[in-house]
Structure formats: structure tokens, C-alpha cells
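The following note sets out, point by point, what can be read from the structure shown below. Please keep the sequence at hand while reading.

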Amino acid sequence: MENTIQTKIEKFLPLVQKPGRYTGGELNQVVKNWEEIDVKVAFAFPDIYDLGMSNYGLAILYHIINQRSDALAERTYLPWKDMEDILRKESIPLFSLESKKALADFDIIGLSIPYETLYTNTLNLIDLAQIPIFSKDRTEKHPLIIAGGHSTLNPEPMHSFIDAFVIGEGEEVINEIVDCYKAWKLKKASRQELLEDLSLIWGLYVPSLYDIDYHSDGTIKEVKKKFEKASLPVRKRIVSDLGKPMSDFIVPYIDTVHNRISVEIMRGCTRGCRFCHAGIITRPVRERSVDDILATIEEGLAKTGYEEVGLLSLSSSDYSYVLDLVNKIGEKFEGKNLSVSLPSLRIESFSVDLMDALSVTRRSGFTLAPEAGTERMRTIINKPMSEELILNTAKEIFSRGWHTIKLYFMIGHPEETLDDVRGIVDLAMKIREVGYQIIGRKAKVNVGVSTFVPKPWTTFQWVGCNTPEQIEVKQDLLREELRGWGLKLNWNDPKETMLESSLSRGDRRVSEAIYLAWKNGAKFDAWNEFFNFENWQNAFEEAGLDMAFYSQRVRSEDEIFAWDHISPAIRKSYLLEDYQMSKRLETREDCRNQCYACGILPFFSDLRMNTSDEAWKCPPVKG
């Protein structure tokens, strides 16, 4: 039978930018016989192909589902405006790349939503698929829409649009979801029964099975279950054994953000930076073996033809076997022109030695992330490092042939003063001076300054975000004083910070604002050419909500948060204690050295019964 979607799309490909975004057919894609498969899953990333193809999580899930004989996985991404206009004008539904089937024909649509500025894109993707936007309007004939990703540790702002959320890691739970769906199809039961069955799976949150009551001041009074067997709280799903990484990456026809093999060497982090969302929600630390990593690199190179490998983790130099890994990569792939990147390194000469050993190209520069300009501020955020250490590390970098150092800072941290902001200027200029002394005026310092956004399930979830006016004062100071030869400054729009902070700590009521913003044209909110803050302001006002209530309000220590019934297995009391320590200028050491009873290990006592005790100790699992 002729695929009418494919025929129509082929007709319009010459009219759009980068037709390779929509053709499929790439090396290592998987195409199965649609008629022979019980459960069809479409994995979707709500942004363009160029970004979505580099999403490591979806690549893993695609691989897992396609290992099954009774299920298939295909991919879709949000089309750019030129293709969207064609789809809407010609009434062509959004389709999968592999078979060009309409998304509405799939059984399950799995969305990755790693950050909040993808919310309106998610609605746009569902609408382009010609599926009802609101979960309550879907019937047994519509696909089950499930979402995961870091932003879903507070799923409430998107509760109206998503049938179920995966809280935590998806490698195991995705198979349980498929099994549950397959059993439901055989029962020919109602959609409500499917949602209730899904809620019994560890790590699945079905928002329609819960009610929220509010106090008169707008804060949350109580979360109540509507289905007795549903979990409260819903606990994060975790994988005890990461196993060997996948190696059969799909090779795109066009340039994407990362044209490389990605290999996760370690998951989790023990550093305890107080602003860091990922460091909390990915606990505990688990490490892969050097042998598994090397085997994956070798297989990946053979299967893809790539010449670059990215070794992924939140803190690469904390990987227990990092020196052994680097040395063995050098031995095994010597003479093969392999480029290896090891991001997220600590500020120390050891990290410089690692980069040297990996023969990283000097042209890209060396990245350091002090995060704050003064030692006082670095103490508050629990990233304690002396100025002497930073300058000595810069000296090591310039001495080894790098010409450019990239510095990442944040402004807007709790308790920050203008003197702390001025500390960014002072530190950057001192680093430039170090470079001048070693390599002369070839030394360059690029300074990227973002604005702190307090995130759910972090030490700073109680604090308020800076107002746009406060942010502008600090940015003006940086623009005025951080100038001169060899210095470059980048910053973000304060209005973007206002939106992100309003969404990240939003409750269920914010879903109406998201819907209204999308109806009025909001999409690609992370893209400067599309971002329209006035549209968002109007949407919040029309929904009867105050953005500052979610963004700038300081929370009381006993407030019930919109995400408290979603647990990453970290005790809220632990985070509160850490918040109080930050006010006293007290730090916590790396919890490899001392356990602070955050809650992650006792939480998994039942799981530990099925694995070795060693696998759940801190310091982390050793592969």
C-alpha cells in the first residue's frame, strides 16, 4: 500500500531548509515490519532534528525497544517553521522518520523534556500529530503519551497534557510500560484502567489520579490520591547496573549538535553543588568498567565511522578509573586520528593533564567553571576553591599550548552582592594576565555568565530568583568593567530567566498559562528569534497567575512544594539542613569522603537485596 504521507512529504522537501531533517533512512536506523509488531512506540524530542538527534537518553530507549521482537521504536522531532507551515496547510500529520507513519497511529509516544523551555514545543508537537492537546480529551483510540527527562522531576506544570510521567531513569521501566500496554490491549479495557495499571509501576506518575488542594494564599495545602493503589510519593526509578553502553548510534545526514559517539562513563555526582539539579536527581553514583567503555568505543567507531568520542558524566575527573581509561584509550586507538572529549572536569592541574593525554584540539579552548567570582560566594554554593587554585590551573593550561580559556559563571546566587559580581571581572582579568605572562597577547578569556534559577529538589529550592531589574544591574556592571583586549563576555536575557524560574517551580495552575501562551504563538522559546516574553506575561495574567509568585518569592521552610509528592529519594530535610548551612557559610565535603545521609541509599534497601552490598556503597559503584 502506498504511504501517502511519504509521497506528500517528498513533494515538499525541495521547499524546506535541511530536507535531511525529515527523510530518515540514516545509517543504523531500525525499520521493522509494521504489521507483525504488537506495540509501536514513537520517541519524540520537542525541538528540531539537529538538537534531538544528540539526545543520549532517547538513543538508549530506541535501542532497547528495538531489541524486542514484539515492539518497534521510531523517531520524530519538531519540524522547523517552514515544514510546520506546510504540514498545517496541507493537513499532513506529524510522522515518524523510519516508516513515515502518522504519530497518531502509534500506541505510545515517548517524549523527552529535559528543560522547561520545551513545554510549548511539546504542545505544538502533539497538535501537529493531530492528537488532542489535553490528556482528558483522549480516548482508547489515541496513543498513550508519556514524558521523561530532568524537567519532569516537577511534572505539575505539564500535568494537563501528559498521560504519565517517567520519574527517573528509563532503561528498565520502558520495557515495563510496553508490557503493561500490551496486556491492556489484550484485555480490551478502558483507557482509565490503562492509566491505573501504569500507576502501579515503580517510577510512573499518572497526574490524573491525584488532586491538589490549595491554601487561600496560593500555596499547596494537600496532595490527595484519587486511586487508592497509586503511590504517594511517587519515587524515582533507578537502574542498579548500568551495564555495557550501546554502540549502534544512528548517523545523521546533516550536521547535528554532536556528531560523535557518546559514551556515558559514570552517572551521578557526589560533589553537592547547591545550585545543581542534575547532581541531586541522578544519585547515587554508578560507574561503568573501563573494559566496557573501550569495547563500546571500538564497536561504535566500526558501526558509525565517527572520529570523535564524548565521554559523558557530570564530573568526569571523579570517575575512579579515569587515568587508566585515558591511558588505555591512547594505547588502543593510537594512530587512528581519534578525537576524545572529556567534559565536566574539575578545576585542577590533574584535569589539564587528562586533557593533554587525550590530545584534545587546542583550537576549541579549555573550559573552567568557577560558577562564582569570589571565594565567599563559592563557599555559599558549595563549590569551594581558592583563587590560587584557579590561577594555578590557568597557568597549567596556557603553559601547555591552549590560547583560550572559557570561564562559566552564574550571577544571582543567594546572598550575592555587587562585590561578588565584580569578583567575576577581577578573576577573569587575573586569568588573562596569567596568559599574557606565558604566551603574550595570544591569550584570550571568554566569559559566559548565566543567571541562577532555583530548581526543584536542590538546596536552593527555597530561595527567590533575582528580578529582571536586579539581573540587569549586575549585567551592566559586567559589560562596563569586563572589557579590553582578549576578553569576551556573553550573557543571557533576564526575561528568559524570569520565564524559566516561573515554569521550573510552577504548580498545576501553570499548565493553563502554558496552553494560553502556545495558543498565542509561543514555541521555540529557547530560540532568540522566537522568544516572546510579552506573550508569556499575558498568558500568566489571563490565567490569573503572578509570575513573581513562582519566580521571586522566597519559600517558607515548611511550605509544601508542587513537587514534594515526586521523590528523587533525597530527603527534603537533608536539603533544608544544607540550605541552612549555606547561610552560615559552611560547606559539605565530597560525599565520597563522608556520608551525610541524604537518603538515597536507605531508600533502595529493597533493591539492594537483589544485588551486592558493594553496589550501593558510597563511594560509588565500581564496574
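Predicted model: local features only at pLDDT ≥ 70, side-chain atom pairs only at ≥ 80, totals over all residues.

1. Two residues are in contact when they have heavy atoms within 4.5 Å of each other. Leaving aside neighbours within four places in sequence, leucine 209 is in contact with Gln192, Leu195, Glu196, Ser199, Lys224, Lys225, Lys226 and Phe227. Leucine 209 is found in the loop between β6 (204–205) and β7 (210–214); helices (H or I, at least four residues) and strands (E, at least two) are DSSP runs, numbered from the N terminus. Because its relative accessibility is 2%, leucine 209 counts as buried. Here buried means under 20% relative accessible area and exposed over 50%, with partly exposed in between (1.4 Å probe, protein chains only). The C-alpha atoms of leucine 209 and threonine 270 are separated by 35 Å, and the two residues are 61 apart along the chain.

2. Residues are numbered from 1 along each chain as its sequence is written, and side-chain values use heavy atoms, with hydrogens and water left out.

3. How many helices and strands does the chain have? There are 22 helices and 19 strands. For 623 residues a compact globule would have a radius of gyration near 25 Å, and the chain, with 24 Å, therefore agrees. That radius is taken over C-alpha atoms, and the globule rule is 2.2 Å times the number of residues to the power 0.38. Along the principal axes, the C-alpha atoms fill a box of roughly 70 × 65 × 55 Å.

4. Of the 623 residues, 59% count as buried. Among the contacts with a separation of 6 or more, 78% come from residues 24 or more positions apart. The chain exposes about 25200 Å², of which carbon and sulfur atoms supply 48%; such areas come from the Shrake-Rupley method with a 1.4 Å probe, and for residues only the protein chains shown count as cover.

5. In soluble globular proteins, nonpolar side chains tend to be buried together. The largest nonpolar core here has 202 residues, and those with the most contacts inside it are Ile297, Leu311, Ile431 and Val447. Helix α14 (residues 418–439) gives the largest share of this core, eight residues. A nonpolar core is a set of buried Ala, Val, Leu, Ile, Met, Phe, Trp, Tyr and Cys residues joined through side-chain atoms within 4.5 Å. Apart from neighbours within four places in sequence, isoleucine 431 is in contact with Ile390, Leu391, Ala394, Phe398, Ile405, Leu407 and Val445.

6. Helix α16 (residues 494–504) has eight of its 11 residues buried, so it is largely enclosed by the rest of the structure. Which elements do the buried residues of α16 pack against? They pack against α5, β17 (444–451), α15 (468–481), α17 (510–519), α18 (533–542) and α19 (547–551).

7. Helix α4 (residues 81–90) has Asp82, Met83, Glu84, Ile86 and Leu87 buried. These buried residues pack against α1 (4–12) and α5 (119–128). Just after α4, serine 91 takes a positive phi of about 55°.

8. Is lysine 188 buried or exposed? Lysine 188 counts as exposed because its relative accessibility is 75%. This residue is found in the loop between α6 (173–187) and α7 (191–199), and its phi is near 55°, a positive value in a residue other than glycine. Phenylalanine 524 also has a positive phi, near 45°, and is found in the loop between α17 and α18. With 0% relative accessibility, phenylalanine 524 counts as buried.

9. Two peptide bonds deserve a check. The bond from leucine 232 to proline 233 is cis, with omega near 0°, and proline 233 is found in the loop between β8 (220–225) and β9 (234–235). The bond from arginine 283 to proline 284 is cis, with omega near -5°, and proline 284 lies in the loop between α8 (277–281) and β12 (286–287).
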